[in-house]
Amino acid sequence: MTMRTRSIAAAIAVAAAVTGTALLGASGAASASTSTSASHGTLTISNGSSQVLIGGHKVNFGVPVRDLAWSPDGAKAAFIDGSGNLDVARPDGSGRVVVAKNPGGQNWSHPTWQVTPKDSQIGLPARDNLIFAARDKGVSRLKYVSAKAVHGTPKTLSLNGDPGPGGALPQTGNVWPEAAGHYGTSVYANVDTGAVYIRDDYTRQQGGKLTKGSEPALSPSEEEVVFVRSVAGHDHVLVEDFMHGNHIKDLTPHATTDYTEPAWSPDGKTLAVRTPSGTVTLPSDGTGHPAKVTSTVGLAAYRP
């Protein structure tokens, strides 16, 4: 059994325990510019303006940029523009393409890349999709579209749990998708249940509930999920480890402010986290304290 199969199987086992059914087939301050090594990635921050902070330097994308996310190879950025459309551009803001045009009256948010190689052994084609949340008439659903599309038409993302009693997953209220790794795995939150869910999309699509929380992010290894949960009046960042008994650890136990919107570095060793006064980083293993890297407030992401 591979490391990936063990980790996802452990996560799905948690979902099975929650639903009571079995899911089958699961196989000190520092400078922001310090995060520039190939393995650690470059820290970037988008805040709805046209200026994106990349490695400590502002880059003008020419349009408002919200919820920016990088492709796994770092060659492209996906984001929501000022018209609410889903765009893709190069790291310097050039070559911008409207992948999907908002039909109007909808709020799109938090795109994430689902990129997987072709797997001839099990007959899976290569994928290069963008998954995002779309709220229409007050109802949120997860959608996807090819990252190579031009004015493409998004489709509703499948969210299948176990077909047995209690295995059904909520189809609405889903937000904050985050994909990682080489197998199409993703996590997301549900505003109605207040829980975090995992979605496996390898040999067959399945998933389940993990734990209470919001704003989840899956580690590059697919072995951990970090998320936000309110504790004693503040938003804390916690991590669940699939490989060690699904242990949950509070990474900000002494929080005196709100820590939100965590993002993994490409090597999985560091998290960038939003606070009301700027962006901090902290070790993902909980061995250190948050260190402020910039006073810029916005959504953090790492460019590989």
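Colleague: Why is the contact of Arg-96 and Asp-87 called a salt bridge?
Modeller: The model is predicted, so its values are computed from the model. The side chains of Arg-96 and Asp-87 meet with N to O at 2.9 Å. The cut-off is within 4 Å for a side-chain nitrogen of Lys or Arg and a carboxyl oxygen of Asp or Glu, so the pair is a salt bridge.

Colleague: Are these two partners buried or exposed, and how do you know?
Modeller: Asp-87 has 0% relative accessibility. Buried means under 20%, so Asp-87 counts as buried. Arg-96 has a relative accessible area of 37%. Exposed means over 50% and buried under 20%, so Arg-96 is partly exposed.

Colleague: What makes Asp-128 and Lys-148 a salt bridge?
Modeller: Their closest N and O atoms are 2.6 Å apart. That is within 4 Å, so the pair qualifies. Asp-128 lies in strand β9, and Lys-148 in the loop between β10 and β11, so the pair ties together parts that are 20 residues apart in sequence.

Colleague: What is the order of the strands in the open sheet?
Modeller: Four strands run in the order β20-β21-β22-β23, with antiparallel pairing.

Colleague: What makes β20 and β23 the edge strands?
Modeller: Each pairs on one side only. Strands β22 and β23 pair over three bridges. At least two bridges are needed, so β22 and β23 count as a pair. Val-280 stands opposite Lys-292 in β23.

Colleague: Which residues touch the most other members of the largest nonpolar core?
Modeller: The core has 15 residues, and those with the most contacts are Leu-86, Val-99, Trp-108, Trp-113, Leu-130 and Val-145. Strand β9 gives the most to this core, with three residues.

Colleague: Why is the pair of Trp-108 and Phe-132 called tilted?
Modeller: The ring centres are 4.9 Å apart, within the 6.5 Å limit, so the rings pair. Their planes are at 50°. Stacked needs under 30 degrees and edge-to-face over 60, so the pair is tilted. Both Trp-108 and Phe-132 are buried.

Colleague: And what makes Tyr-188 and Tyr-197 stacked?
Modeller: Their centres are 5.4 Å apart and their planes at 10°. That angle is under 30 degrees, so the pair is stacked. Tyr-188 and Tyr-197 are both buried. The whole structure has four aromatic pairs.

Colleague: Where does Arg-303 lie?
Modeller: Over the face of Trp-70, at 5.6 Å from the ring centre. The distance limit is within 6 Å, and Arg-303 meets it.

Terms used: Residues are numbered from 1 along each chain as its sequence is written. This is a predicted model: local features need pLDDT of at least 70, side-chain atom pairs count only at pLDDT 80 or more; totals for chains, interfaces and linings use all residues. Side-chain values use heavy atoms; hydrogens and water are left out. Buried means under 20% relative accessible area, exposed over 50%, partly exposed in between (1.4 Å probe, protein chains only). A nonpolar core is a set of buried Ala, Val, Leu, Ile, Met, Phe, Trp, Tyr and Cys residues joined through side-chain atoms within 4.5 Å. Rings of Phe, Tyr and Trp (its six-membered ring) pair if their centres lie within 6.5 Å; planes under 30 degrees apart count as stacked, over 60 as edge-to-face and the rest as tilted. A charge sits over a ring if NZ of Lys or CZ of Arg is within 6 Å of the ring centre and within 35 degrees of the ring normal.
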